[in-house]
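Here is a short report on one protein structure. Look at the sequence and the 3D view first, then read on.

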Number of protein chains: 2
Amino acid sequence: MAMSATTPHSLLKNPTNPFKPTTQIAAFPTTSSRHHTTIQKPISITCSSAATTTPLQTTPSTSTSSDRVFNFAAGPATLPENVLLKAQSELYDWRGSGMSVMEMSHRGKEFLSIIQQAESDLRTLLNIPSDYAVLFLQGGATTQFAAIPLNLCQPDDTVDYIVTGSWADKAYKEAAKFSKPNVIWSGKSEKYTKIPSFDSLEESPHAKYLHICANETIHGVEFKDYPNPKNPNTILIADMSSNFCSKPVDVSKFGLIYAGAQKNVGPSGVTIVIIRKDLIGNAQPITPIMLDYKIQADNNSLYNTPPCFGIYTCGLVFEDLLAQGGLVEVEKNNKKKAQILYDAIDGSNGFYRCPVENSVRSLMNVPFTLAKSELEAEFIKEAAKEKMVQLKGHRSVGGMRASIYNAMPYAGVEKLVAFMKDFKARHG
Amino acid sequence: MAMSATTPHSLLKNPTNPFKPTTQIAAFPTTSSRHHTTIQKPISITCSSAATTTPLQTTPSTSTSSDRVFNFAAGPATLPENVLLKAQSELYDWRGSGMSVMEMSHRGKEFLSIIQQAESDLRTLLNIPSDYAVLFLQGGATTQFAAIPLNLCQPDDTVDYIVTGSWADKAYKEAAKFSKPNVIWSGKSEKYTKIPSFDSLEESPHAKYLHICANETIHGVEFKDYPNPKNPNTILIADMSSNFCSKPVDVSKFGLIYAGAQKNVGPSGVTIVIIRKDLIGNAQPITPIMLDYKIQADNNSLYNTPPCFGIYTCGLVFEDLLAQGGLVEVEKNNKKKAQILYDAIDGSNGFYRCPVENSVRSLMNVPFTLAKSELEAEFIKEAAKEKMVQLKGHRSVGGMRASIYNAMPYAGVEKLVAFMKDFKARHG
């Protein structure tokens with residue numbers, strides 16, 4: 001089905017998502033003296049077809065400035081359109097409560113119903129066993145880099161890190177403050193383009209845990225399966241920030257999974273920790289109380305005021321993922337999106353290149369370069385004119401990066417691929 | 001001016017706030033299959049007059065369930081209605097950017113403009129000197145209870161705490177993990193109803209800092225001025241979580257001021273730290289990187305992904321406070337609101353009682369009890385029927401508590417006072 005340039009975005013039916021809104025928000029002008037007045041309008045986008053090779057228009061579209069862009073940012077990242085509209089409709093008055101979620105006491109019945117439903121839906125999505133606690137925390141995955149060794153080992157304990165990219169490296173470096181970490185494998189010399197084979201890993205015999213970063217947001221390498229630590233007492237820990245809830249995961253393989261919300265499941269400011277309950281309760285004496293999993297678990301993440309609006313938005317996303325059919329369906333869609341993008345790169349006769357080894361390419365973050373690197377700035381500029389934004393690669397690696405999380409529509413990747421072909425035709 | 005029961009809330013003119021919206025949000029039904037459908041309607045409230053003694057209707061009003069309540073919660077707490085409407089209008093598409101603030105890269109030009117404007121407006125509001133850094137952090141004031149000693153002293157350094165209530169006590173206890181804290185005054189034996197006279201304080205001669213909680217949210221005691229540490233090398237630190245931006249403050253008296261946003265300036269999930277720059281850079285080696293003020297200051301609060309939507313909302317509040325005329329005007333309004341409430345308590349011939357010493361009663365949190373304590377549950381229940389919610393006192397002290405932060409309208413306090421008089425007439 002080819003979409004015309006004037007098809008309202010909200011009418012782009014997603015057959016896997018019955019939850020998708022079909023009405024558009026009404027205009028609601030404000031009369032603020034200092035604020036801009038924003039009028040919501042039905043969205044029109046330029047969208048190529050999946051099935052045809054219709055050349056993409058490369059002239060700026062005539063749509064208005066209030067159009068929704070395709071946002072390829074690595075995080076915070078695009079959120080489901082229906083979640084945004086739902087959050088907007090409820091912002092001023094949550095379901096007849098007479099108040100915004102932002103105004104609710106975190107100990108009131110309204111917010112308790114929100115956080116409990118969010119936890120329940122997440123447990124359903126990931127099939128989280130009952131002997132695991134789910135914590136909604138603050139501070140991002142970077143705070144967990146400290147909290148993990150502080151809670152799970154003593155200062156002289158050995159812990160193992162597999163360093164597949166910048167994030168695993170940061171986690172390792174922070175752990176050195178609170179434990180004795182070993183890097184048992186590093187992909188640095190190969191510019192973080194690989195995941196090791198697990199058989200060859202030389203694990204520390206008494207490691208308290210083995211830490212991996214399940215998906216490296218910057219380098220675009222992703223674990224497709226997970227190591228089983230050789231020592232049965234060594235627990236597996238994964239930073240899943242950038243592929244959390246993008247596919248089913250066997251939680252029971254892990255002692256702890258953690259993720260910043262701002263890639264796949266919500267806005268920034270919420271960090272989710274899933275931890276086997278028997279691992280809770282042994283924090284080092286120097287652990288700040290807010291980083292102590294026992295305090296957080298005993299208080300159901302309400303020891304102090306949690307990031308309520310963020311948790312609420314995560315809850316809307318979980319609800320949406322369930323309505324899509326759960327993570328099996330979500331993974332199918334993510335594979336389809338990644339496939340057409342990697343195919344476009346690999347089929348470009350070297351015009352585009354992805355440095356990552358084929359078998360471990362991320363479904364979420366797709367880094368690529370141009371053989372003619374002098375054209376990269378032009379590529380990013382032209383794409384932005386076409387309302388495809390945040391395609392610049394991380395400053396540490398350069399090139400381009402398309403982050404295509406759960407909420408990136410298929411149409412967005414399709415449009416990017418069409419643009420890439422058109423750009424190659426003009427510059428190849 | 002007496003308001004009728006059907007006066008639209010949005011037409012309650014606030015003469016000090018030209019920024020107040022006068023239009024009402026339009027209906028925007030959603031078609032979600034699982035979500036409730038919320039239809040926004042013009043607000044109608046029952047509101048007594050400031051000048052008359054018209055008895056309050058005690059029968060439930062006929063207004064619909066989407067009416068806005070008067071929310072006396074201690075935090076998260078009521079936010080300015082115009083800020084909520086503004087945030088709602090921009091949620092789906094921030095000022096023509098084609099994306100929500102929740103979706104923006106924290107390193108993109110759009111979000112940078114938001115955080116920079118928020119900081120600039122806060123600096124204007126509090127007249128923050130240029131040798132102070134402003135940090136937007138996560139984790140609540142409770143995280144700062146650890147961050148402060150971790151950043152400002154070594155493990156054997158002495159630090160002083162004035163304990164005027166539960167929050168100062170928690171700060172003191174956390175500091176014992178990372179320093180040698182002394183309680184130089186405690187109000188515990190008098191049930192936290194007083195602030196000490198500063199002359200009588202026996203400060204530690206070499207204390208690195210003197211910590212106070214400027215307003216105790218639970219106990220309702222508030223510092224009206226601030227101690228000058230006798231040792232010129234001892235810096236003054238204040239937890240201002242529950243009276244931040246409620247009145248002008250001479251920032252230069254302090255080495256560090258910190259506040260959770262969720263009382264006066266925004267939603268939960270944002271913590272603001274204002275710190276004199278020369279105090280930055282001496283964190284203990286065991287400081288988690290996210291708690292290190294130098295890391296946060298060097299990266300303009302963007303070392304990792306900050307709570308973007310929360311910071312944006314704080315920015316809207318700062319803008320609103322400036323539009324009201326700044327903190328001098330804000331304090332005037334807060335004094336008026338507190339005055340009529342304390343007058344109602346003190347003029348009740350003992351039917352209502354506030355335990356706090358007159359001179360240090362909080363403008364923000366007003367705890368009170370009933371002489372007939374068996375009526376307290378009834379009071380709270382009847383008030384809730386009148387759409388005045390969250391009046392129950394903290395579980396640790398009982399009774400009632402009315403939190404009347406900046407965003408609580410005068411009409412809300414007026415309505416509460418009218419209700420109190422009516423309740424007394426019926427039960428006195």
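A residue counts as buried when its relative accessible area is under 20%, as exposed when that area is over 50%, and as partly exposed in between (1.4 Å probe, protein chains only). In chain A, 64% of the 428 residues are buried.

This is a predicted model: local features need pLDDT of at least 70, side-chain atom pairs count only at pLDDT 80 or more, and totals for chains, interfaces and linings use all residues. Residues are numbered from 1 along each chain as its sequence is written, chains are lettered from A and ligands numbered from 1 in the order in which they are written, and side-chain values use heavy atoms, with hydrogens and water left out.

## Chain A in outline

Chain A has nine helices and 12 strands. Helices (H or I, at least four residues) and strands (E, at least two) are DSSP runs, numbered from the N terminus. A contact means heavy atoms within 4.5 Å. Take the contacts in chain A between residues at least 6 apart in sequence: 69% of them join residues at least 24 apart.

## Pocket and cavity

Both kinds of space are found on a 1 Å grid over the protein atoms alone. A cavity is a set of points where a 1.4 Å probe fits but cannot get out. A pocket is an open set with protein on both sides within 12 Å along at least five of seven lines. Lining residues have an atom within 4 Å of a point. Grid points are joined across faces, edges and corners, and a volume is the space filled by probe spheres set on the points.

The largest pocket holds about 1100 Å³ of space. It is lined by 50 residues, and those closest to its centre are Q390(A), R401(A), S105(B), H106(B) and R107(B). Several elements give at least two lining residues each, including α8 (376-385) and β12 (400-403) of chain A and α2 (109-126) of chain B. The largest share, four residues, comes from α3(A).

What classes of residue line the largest pocket? There are 17 nonpolar, 22 polar and 11 charged residues. Here Ala, Val, Leu, Ile, Met, Phe, Trp, Tyr, Cys and Pro count as nonpolar, Asp, Glu, Lys and Arg as charged, and the others, Gly among them, as polar.

The structure also holds nine cavities of 30 Å³ or more. The largest cavity has a volume of about 270 Å³. Of its 25 lining residues, the closest to the centre are Q138(A), G139(A), T143(A), Q138(B) and G139(B). Two or more lining residues come from each of these elements: α3 of chain A, and β2 (132-137), α3 (140-152) and α5 (293-298) of chain B. The lining of the largest cavity has 13 nonpolar residues, 12 polar and no charged.

## Salt bridges

A salt bridge is a side-chain nitrogen of Lys or Arg within 4 Å of a carboxyl oxygen of Asp or Glu. Over all chains there are 37 salt bridges.

| Pair | N to O distance |
|---|---|
| K177(A) and E174(A) | 3.0 Å |
| K194(A) and E190(A) | 2.7 Å |
| E203(A) and K230(A) | 4.0 Å |

The pair E203(A) and K230(A) links distant parts of the chain, 27 residues apart. E203(A) sits in the loop between β4 (180-186) and β5 (209-213), and K230(A) in the loop between β5 and β6 (235-239). E203(A) is buried at 17% relative accessibility.

Is E174(A) buried or exposed? E174(A) is buried, because its relative accessible area is 4%. K177(A), at 30%, is partly exposed. K194(A) is partly exposed at 28%, and E190(A) is partly exposed at 35%. Elsewhere, K86(A), E90(A) and R95(A) are linked in a network of salt bridges.

## Two residues in loops of chain B

S242(B) lies in the loop between β6 (235-239) and β7 (256-260) of chain B. S242(B) is buried, at 1% relative accessibility. Its contacts, leaving out residues up to four places away in sequence, include N215(B), K263(B) and Y405(B).

V101(B) lies in the loop between α1 (81-91) and α2 of chain B. V101(B) is buried too, at 1% relative accessibility. V101(B) and Y312(B) are 211 residues apart in sequence, but their C-alpha atoms are 7.6 Å apart in space. Beyond four places in sequence, V101(B) touches L91(B), W94(B), I114(B), C308(B), F309(B) and Y312(B).
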